[in-house]
Amino acid sequence: MLDFVLSALTPLNLFLAIVSVVAGVVIGAIPGLTATMAIAVLTPFTFTMAPEAALITLAGIYMGAIYGGCFAAILVNTPGTPSSIATTFDGFPMAKRGQGQLAVNIATLASVFGGVFSVIVLLLLSPPLARVALAFGPPEYFWLAVLGLALVASLSEGQLLKGLLGACLGLLVAFVGSAVIGGDMRFTFDQPALVGGVNVVVALIGLFCIPVVLDLITRRDHHLHVPEEPASAREELGAAVGILASQKVNLVRSASIGTLVGALPAAGGAIGSLLAYSEARRNARNPEDYGKGEPGGIVASEAANNGTVGGGFIPTLVLGIPGTPPDAIILGALMVHGVRIGPNLFAEHGDIVYTFIFGLLIATILMLPVGLLVGRYAFRLIANIQKTALIPGILLMTILGTYAIHASFADVLMMLSLGFVAWVLTKAGFAIAPIVLGVVLGPIAEQGFVQSWLIGNAAGNIPAVFFGRPISIGIIVLIVLGLLWPVYLSFKKRKPNTSRSVSNAAL
Amino acid sequence: MKTLTKMTCAAAFGLAAAFSGPAMAADWPDQDVTYIIPFNPGGESDVTARMQEPFFAKITGKKFMFDYIVGAGGAAGWSQINSLPADGSTIMGVNTPHIFLQPQGGNVGYETDDINVVYIYQITPFALIVPADSPIETLEDYIAKAKAQPGAITVGGTGTNSAPNVAQVAFDAAAGITTTYIPFSGTSAVSAALLGNQVQAQWGFTTVGVNQGDEVRMLAVAMDERHPLFPDVPTFKEKGIDLVDGARRGVIVPADTPEETRQQMSDVFAEINRDPEMQKMMEEAGYVLLNVPYSEMDAYLAGLSENYEHVAELLGLNQ
């Protein structure tokens, strides 16, 4: 094992790790530039390298980009990658009230923890976890997506109807295009541009970023609140460490959820961080603060999304089945290198695999200094910049980023129109989060549902497929708990109140 | 004034034509070539195109610059092909049966006739795959089971009206059986479902046998002769079922690309395929090289079209 640590620590590999992490952070921070795209673009440059060096570079970019997504999420309320959707829920409110630097530091520490946790799991527990991942079939994916959608209920307390309507709107957006199952053309209005459906990243940029920009234009106040006397870097870091120390359970739970969900080949990073967020909120002592700038929300989302990176490599390396889209590209790159992927990879190319895992570990740890340094300046830059420069800047980035996804102008139009609709809806009291949950989780829920139905139909017992499988039952219990918990809490709160009023009356 | 501008324009165009005309006729490629992949990076279409790259560079001294226009199972790219520069600087990957079936399912922005294929370089043969621990040992078992309980076998594949769906309906029709096809959104989703015994079988390609190795068993492959990597796996033909097909990959160009350039492209791709190293690489990854040059393309595609006409009926398209 020590050999592999040493070969991961060669100057070249170290250099590649740091360069790729920095590149990844920058790419991830720009909405529209996703980890998948960055890895695709940079893959050819790795063809001349040794396979393990190439792997370290690509994985470093991946890890960095998933983390980098938190900057845009916290500072401009736009998830840089789909994996940081849940980071916006609390990150942006914190930044708005002047705690942007703290939020970025918390995100950095949580990301590094989640990343390191998942890489250690990858190192020690890959084969058994890969088997666990295979036990998740269509019904489990369906219930996981429903579990994520149940978050709508808790995110829109007091506004349940608007939350549900928002989620339905999101589902409607997700329906557009030719259906994976059945091949029907849905809501395409005979427009070829709509056949492929609405790209998730396009929808994210539109739904999150455009309302922020329009608000900036129509309101007088400054974008982010800047504290009168900014705390020193050391104080900010100390505060972040303190918050993380008080969130140990949340941290470990979220990193575990992220790692497991990352290992599920049909789930992806977005659902991992959303589920971790939902569990963090349910288990928190102060669930009502979530969504209003609660650091625990950032911890959950960021620990989980970096957890998906290590988790995604588990089926990739053990089974030859990519856990997430960037893993698919990395697998492809390996094939070009002549490294035969699949079940024999560990046995045939153990040296490459272990050197890679340690390299990934080092790259993840390097995110700490990189993130703290970038975080210090990023918040000040965004907070102090003139609105007249910030607004065109953000608009330019969103349009370029959207165009870059598929080099399609139709995507830009889609992004702008979705954004405008979202802005009007926020004026009417709708929240963005439920719409986004619908867009992201709708396809997973739909495919899981129809596949389960078809499988159940073939076996002649549809209910058994949905309700008779152990993992499904476990997830259903979590869904029911999640939905009933707020009811129970409000019931418990009311009880002492009523008893007090009774005793008051008695007096 | 207006006429003057017109004249200048005409002169400029004339000059440009004078310069670029002979250069193009002399040699393709005269610059690096943009190779557009209409599928996600890392997918098989991307991987195979990238395998061609070093050989292309060796033969021509120029490079491929990869670009991706992804969406709608390839249709997002193919619907744009004829609006791209037709000077030989841009080519795009293409797949069958996609370009035959997609336009029949609805308006996808192109018709099969809009697509100008210059070369088909590879076929990934269909394969019927079960998990290694499946009680279904042979193709006979599979057929017997499907006959005993029509519709009870669940078989996964990627997408609806897609290549694996074509394999399923064509095989079921030829074997006289009924199975339940379960579409998945991508190769990894369906492979995971197979290994996890969520579905009993998978319609996939010989490449699955390479990627998943000992975890899976291929019941048969849709080839004329056995695949050199899998000498123990029979062909459907050996079992008396006439199924020799797969997903083909080729290269297309915008409609206005000159005939001469197309012919030169075809020659270059033929040369890439002749390299023994290329042949070894493709074979080890489970692909089968195929050589359909530009001069034979029309007849070849006409044959395919007829075949897929029949499959489209089985899929219930074109009604």
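A residue counts as buried if 20 or more other C-beta atoms lie within 10 Å of its own. The views below are taken from a predicted model.

**View 1. The buried residue B:V118 sits in a strand of chain B.** Strand β4 of chain B covers residues 116-131, and B:V118 is part of this strand. Because B:V118 has 24 C-beta neighbours inside 10 Å, this residue counts as buried. Leaving aside residues up to four places away in sequence, B:V118 touches B:V251, B:I252, B:V253, B:R262, B:M265, B:S266 and B:Y294. B:L314, which is 196 residues apart from B:V118 in sequence, is 29 Å apart from B:V118 in space, counted from C-alpha to C-alpha.

View 2. Most peptide bonds are trans.

**View 3. Chain A and chain B meet in a contact to which both chains contribute residues.** Chain A brings 42 residues to this contact, and chain B brings 45 residues. On the side of chain B that touches chain A, at least two residues each come from α2 (44-60), α3 (75-78), β6 (180-184), α7 (187-195) and α8 (206-212) of chain B. The element that gives the most to this side is α7(B), with six residues. Sorted by class, the side of chain B that touches chain A holds 18 nonpolar, 23 polar and four charged residues.

**View 4. Chain A is built with 22 helices and two strands.** The radius of gyration of chain A is 23 Å, which is close to the 23 Å that the globule rule gives for 507 residues, so chain A is as compact as a globular protein of that length. Taken along the principal axes, the C-alpha atoms of chain A fill a box of roughly 80 × 65 × 55 Å. Of the 507 residues in chain A, 58% are buried. Among the contacts in chain A with a separation of 6 or more, 79% are made by residues 24 or more positions apart.

**View 5. Helices α10 and α19 of chain A cross at roughly 50°.** The axes of α10 (residues 200-218) and α19 (residues 409-427) of chain A come within 7 Å, and the angle between these axes makes α10(A) and α19(A) oblique to each other. The crossing in which α10(A) passes α19(A) is right-handed. Residues of α10(A) in the contact include A:V202, A:I205, A:I210 and A:L214, while those of α19(A) include A:D411, A:M414, A:F420 and A:W423. By class, this contact of α10(A) with α19(A) has 15 nonpolar, three polar and one charged residues.

**View 6. Helices α4 and α15 of chain A run roughly antiparallel to each other.** Here the axes of α4 (residues 51-76) and α15 (residues 325-336) of chain A come within 11 Å and cross at roughly 165°. Angles over 145 degrees count as roughly antiparallel, and α4(A) and α15(A) are therefore described in this way. The crossing of α4(A) past α15(A) is right-handed. The contact is made by A:P51, A:A54, A:L55, A:L58, A:A59 and A:Y62 of α4(A), together with A:P326, A:I330, A:A333 and A:L334 of α15(A). By class, the contact of α4(A) with α15(A) has ten nonpolar residues, with no polar and no charged residues.

View 7. Most residues other than glycine have a negative phi.

Conventions: Residues numbered from 1 in each chain as written. Chains lettered and ligands numbered in written order. Predicted model: local features only at pLDDT ≥ 70, side-chain atom pairs only at ≥ 80, totals over all residues. Contact = placed C-beta atoms within 7 Å. Helix = DSSP H or I, 4+ residues; strand = E, 2+ residues; numbered from the N terminus. Nonpolar A, V, L, I, M, F, W, Y, C, P; charged D, E, K, R; others polar. Axes fitted to C-alpha atoms, helices over the stretch in contact; angles between N-to-C directions. Parallel < 35°, antiparallel > 145°, perpendicular 65-115°, else oblique. Left-handed = near helix turned anticlockwise from the far one by under 90°. Rg over C-alpha atoms; globule rule 2.2 N^0.38 Å. Buried ≥ 20, exposed ≤ 12 C-beta atoms within 10 Å, placed from the backbone.
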